[in-house]
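Dear colleague,

I am passing on a structure for you to look over, together with some notes on what I found in it. Please read the notes with the coordinates open.

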Amino acid sequence: MRAVVQRVSSASVTVDGATVGAIDEPGLLVLVGVTHTDTPAEAARLAAKLWGLRILSGEKSCSDIGAPLLVVSQFTLYGDARKGRRPTWQAAAPGPVAEPLVEAVCTELRALGARVETGVFGADMKVGLTNDGPITLVLDI
């Protein structure tokens, strides 16, 4: 699994003009991509990493201060643009494989005690955020 993690002051996801997920306080925006070989074990490892990642103000983690996370599926994280001008998506898992694993990350986070907001899998989403820092990390699990 691959995640792009951004420390944010606030973030939201809208679909067809309606807000479907939002955090309005400091927390993390997490874009999650899934590849063909990922399993629920990787989803659990990613959730634990996100929950304990000390990148919030004062080197705190979401678990330290109860900060929320907005998790958004993003298959394009596995795009390959090394050749030509058009990326390929061959490394991205298809929806029936990816959707349950993105949901597993959210489920695992909630089991750890996290407040989790989400986007809508497969939808045309508009993501808005105020990046804090800015701090952005790429995690490969």
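This is a predicted model: local features need pLDDT of at least 70, side-chain atom pairs count only at pLDDT 80 or more; totals for chains, interfaces and linings use all residues.

Residues are numbered from 1 along each chain as its sequence is written, and side-chain values use heavy atoms, with hydrogens and water left out.

A search of the whole structure finds 0 disulfides (a disulfide being a pair of cysteine sulfur atoms within 2.5 Å). For Cys62, the nearest cysteine sulfur is that of Cys106, 13 Å away. Cys62 counts as buried, at 0% relative accessibility, and Cys106 is buried at 1% (buried means under 20% relative accessible area, with a 1.4 Å probe and protein chains only).

Cys106 is among the buried residues of H3, which also include Ala98, Leu101 and Val105 (helices are DSSP runs of H or I, at least four residues, and strands are runs of E, at least two, numbered from the N terminus). The cover over these buried residues includes strands S3, S4 and S5 as well as helix H1. Just after H3, Gly113 takes a positive phi of about 110°.

Ser61, in the loop between H1 and helix H2, is buried with a relative accessible area of 2%. Residues that Ser61 touches, not counting those up to four places away in sequence, include Trp51 and Arg54 (contact means heavy atoms within 4.5 Å).

Best regards

Methods:
Buried means under 20% relative accessible area, exposed over 50%, partly exposed in between (1.4 Å probe, protein chains only).
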